[in-house]
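Good morning, colleagues. I would like to take a few minutes to walk through one model, beginning with a pocket and ending with a pair of helices.

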Amino acid sequence: MTRVVVDREVCMGAGVCEMEAPEVFELDADGVPQVHEPVDLAVVETAVRACPTGALQLMD
Amino acid sequence: MSSVSTPTLDAIDLSDREFWGAPPEQRHAVFDLLRRESPFAFFAEPVVPYIPVGPGYHAVTRYADVEAISCQPALFASGSGAVSIADMPPDLNEFYGSLISMDDPRHGKIRRIVAKAFTPRVLEGLVGNVQAVVDDVVARARQRAADGDGTIDVVADLAAPIPLRVICDMMGIPDGDRAMVLHQSNVILSGGDPELVEDEELMVTAFLKAGEVLAGLMTRLAVERRARPTDDLTTALVTTEVDGERLTSQEIASFFILLLVAGNETTRNAISQGVLALSEHPAERDRWAADPGITRTAVEEVVRWTSPITWMRRTATQDVELSGQEFPAGSKFLLFYGAANRDPAVFADPHRFDLTRDPNPHVGFGSRGPHFCLGAHLARREIGVAFQAFARELPDLEVCGEPARLQSSFVNGLKRLPARLTGLR
């Protein structure tokens, strides 16, 4: 199953992922996204690509 | 467009203030040439009174190079100044640049504190606010035209008050201080435009004074919010902690200036030049009015097309290589976002204004990297709500004169844009 991994060190909390896919990403109190499973690949691909800091990675 | 003369490489000087007041077609013709023939063109620095003149800078005009520089912040730093070509004195630099002219680890720490106040979810709570502000601004503009000769100034009556009121609401700025906030942020981002800074010799003094006045307001508000917290952003700034650390008074004051200035000038110029672009492309204007469903892509195209911030600077921390060319440590690079946003390698038919362009990976909010615009969601929301309201409430708006352009290389802005409401006669 596809997972999304968030690199907390790289994430700047821009929140672009949450805007692209609010059903999957929810920023926590630190401004870092929590990922709600299951992940629909079609939905998260755009978000992963759109991340301005490259903090999101898709893993199989 | 037919009046655009063909530029030659030798005649180009991006440090010439006159160039920045020229019509966009003319500037884009220059950037097309640079991108094609000299993608790291070197220019002498403009002279700023009382500031030592630096070694010059490279103008980066290709999308791929802008991206490569932005996403390698360790090699291309912001700390020696991202918003001025000259190296400003460090305290000045930090005060006016705040997060923008800062590198990790400090940048990361402060960005994480303020990012909490800018998440899409927090901003969701502001939708009603943005809508109410826009509706009121639009109604007042119509009233002003009706009370007068049927004309308005798109900048003063529509584009300026929307972001000003939204950001002031967010920060909890009292009504009585708002006109002052607008004026001082205009001065800071004037780039020395003669209309805003009368004497170029006094440019730096004028910037300093504007900053001092804004910092004074922030200090006053910070004291008030510490005593009586509210749900505004200022309260969040004075109370939020990351790893047990709070922002210092100095950090709060300079971030406050950044928010006021960045939150006002950018969105204002996207809106005013968006209105101009729609008036120059009536078919696109009709398309958006007929189908609010295209708002998401339309907003992105307005930002790509207008690219309100023309450049940010990066400085090489060591010898670096870009697209096979080598540059010594200390080299300055200006990332020309508007030029990257018209790069045919990324955007098909880049000089076409297409409200359904998709994908549209423009760098109008900056490119990939830690300095990506913090207020991107807010700006998108403001622009989307504004243009939908214009289509609904001001369908008879017609630009009726030449725009007055700001002579600034840093902000692609309009000072005035005359329009008339034709439905009023």
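Which helices of chain A and chain B each supply at least two residues of the lining of the second largest pocket? Please bear in mind that we are looking at a predicted model. From chain A, the contributors are helix 1 (16-20) and helix 2 (41-50). From chain B, they are helix 3 (63-70), helix 6 (120-124), helix 15 (295-306) and helix 17 (376-393). Helix 17 of chain B provides the largest share of this lining, namely 6 residues.

The second largest pocket itself has a volume of about 1200 Å³. It is lined by 37 residues, and those closest to its centre are A:Val16, A:Met19, A:Glu20, A:Ala50 and B:Arg380.

I turn now to the helix pair. Two packed helices are described by the distance between their axes and the angle between them. In chain B, the axes of helix 9 (residues 161-171) and helix 10 (residues 178-188) come within 11 Å and cross at roughly 115°. Angles of 65 to 115 degrees count as roughly perpendicular, and helix 9 and helix 10 of chain B are therefore described in that way. Their crossing is right-handed.

On the side of helix 9 of chain B, the contact is made by B:Leu164, B:Arg165, B:Cys168 and B:Asp169. Helix 10 of chain B contributes B:Arg178, B:Val181 and B:Leu182. The residues of this contact comprise 4 nonpolar and 3 charged, with no polar ones.

Thank you for your attention.

Terms used:
Residues numbered from 1 in each chain as written. Chains lettered and ligands numbered in written order. Predicted model: local features only at pLDDT ≥ 70, side-chain atom pairs only at ≥ 80, totals over all residues. Heavy atoms only, no water. Axes fitted to C-alpha atoms, helices over the stretch in contact; angles between N-to-C directions. Helix = DSSP H or I, 4+ residues; strand = E, 2+ residues; numbered from the N terminus. Parallel < 35°, antiparallel > 145°, perpendicular 65-115°, else oblique. Left-handed = near helix turned anticlockwise from the far one by under 90°. Contact = heavy atoms within 4.5 Å. Nonpolar A, V, L, I, M, F, W, Y, C, P; charged D, E, K, R; others polar. 1 Å grid on protein atoms, 1.4 Å probe; cavity = no way out; pocket = protein on both sides within 12 Å on 5 of 7 lines; lining within 4 Å. Points joined across faces, edges and corners; volume = space filled by probe spheres on them.
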